[in-house]
Amino acid sequence: MLREAADRERNLNIPVLRNLSLKPGHVLFFQGAVAALLYLLIYAPLLPGLVRDWYEHDNFSYGFLIPFISIYLLWQKREILRNTPVSASSWGTLSLLAAVVIGLTGKVMGDSFTLRLSMILALGGLAHLLL
């Protein structure tokens, strides 16, 4: 039966991808890119209101510094992070699910704080899941 399929394959000139393997770094990059894209698609509508609050309220103006401080801290620890073995945890699914439930609850209630909390928790859940 397998031989018949192989014969049909040769007769039809259908290209077959054999031994298609991705390096672990490529798989991790692809997973991270997909996760980042989905994260942005889900939480992007929250960003204009968040930035507006940072701009209009003096108490929240430090929000503009958070991305830069985070990037600086990651840069400072880049050697440690580079040498840390990457091993995904299925427990990250649980933390990501909790963030999604909190986000859906906030959406139903119309509470921007709960949605923003969900955004931060989902970021941690994704890191836990993928790394």
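The second largest pocket is lined by L28, G32, A35, A36, Y39, L123, L126, A127, L130 and L131. A pocket here is an open set of points on a 1 Å grid over the protein atoms alone, where a 1.4 Å probe fits, with protein on both sides within 12 Å along at least five of seven lines; lining residues have an atom within 4 Å of a point. The most comes from α2, with five residues. Helices are DSSP runs of H or I with at least four residues, strands are runs of E with at least two, and both are numbered from the N terminus. The lining of the second largest pocket has nine nonpolar residues, one polar residue and no charged residues. In this classification Ala, Val, Leu, Ile, Met, Phe, Trp, Tyr, Cys and Pro are nonpolar, Asp, Glu, Lys and Arg are charged, and the others, Gly among them, are polar. The volume of the second largest pocket is about 410 Å³, a volume being the space filled by probe spheres set on the grid points, which are joined across faces, edges and corners.

The structure is a predicted model, in which local features need pLDDT of at least 70 and side-chain atom pairs count only at pLDDT 80 or more, while totals for chains, interfaces and linings use all residues. Residues are numbered from 1 along each chain as its sequence is written, and side-chain values use heavy atoms, with hydrogens and water left out.

The protein contains seven helices and zero strands. Of its 131 residues, 18% are buried, where buried means under 20% relative accessible area, exposed means over 50%, and partly exposed lies in between (1.4 Å probe, protein chains only). Among contacts (heavy atoms within 4.5 Å) between residues at least 6 apart in sequence, 67% join residues at least 24 apart.

The largest pocket has a volume of about 700 Å³. Its lining comprises 22 residues, and L50, W54, I66, M119 and I120 lie nearest the centre. At least two lining residues are supplied by each of α2 (24-43), α3 (47-56), α4 (66-76) and α7 (112-130). Helix α7 accounts for the largest share of this lining, six residues. By class, the lining of the largest pocket consists of 18 nonpolar, two polar and two charged residues.

In soluble globular proteins, nonpolar side chains tend to be buried together. In the present model, the largest nonpolar core is formed by 12 residues, namely A35, Y39, Y43, L46, L50, W54, A99, L115, M119, A122, L126 and L130. A nonpolar core is a set of buried Ala, Val, Leu, Ile, Met, Phe, Trp, Tyr and Cys residues joined through side-chain atoms within 4.5 Å. Helices α2, α3 and α7 are the elements that give two or more residues to this core. Of these, α7 gives the most, with five residues. One member of the core, A122, is in contact with Y39, Y43, L96 and A99 when neighbours within four places in sequence are left aside.

Helix α7 also contains T114. With a relative accessibility of 12%, T114 counts as buried. Residues up to four places away in sequence not being counted, T114 touches I102, G106 and M109.

Two salt bridges are found in a search of the whole structure, a salt bridge being a side-chain nitrogen of Lys or Arg within 4 Å of a carboxyl oxygen of Asp or Glu. One of them joins R116 to D53, with the closest N and O atoms 2.7 Å apart. Because R116 lies in helix α7 and D53 in helix α3, the pair ties together parts that are 63 residues apart in sequence. R116 is buried at 19% relative accessibility, and D53 is likewise buried, with a relative accessible area of 17%. A salt bridge is also formed between E79 and R82, whose closest N and O atoms are 2.7 Å apart. These two residues are three apart in helix α5 (residues 78-83), so about one helical turn separates E79 and R82. E79 is partly exposed, its relative accessible area being 42%, whereas R82 is exposed at 56%.

The loop between α5 and α6 (91-109) includes S90. S90 is exposed, with 62% relative accessibility. The C-alpha atoms of S90 and L129 are separated by 6.1 Å, although the two residues are 39 residues apart along the chain.
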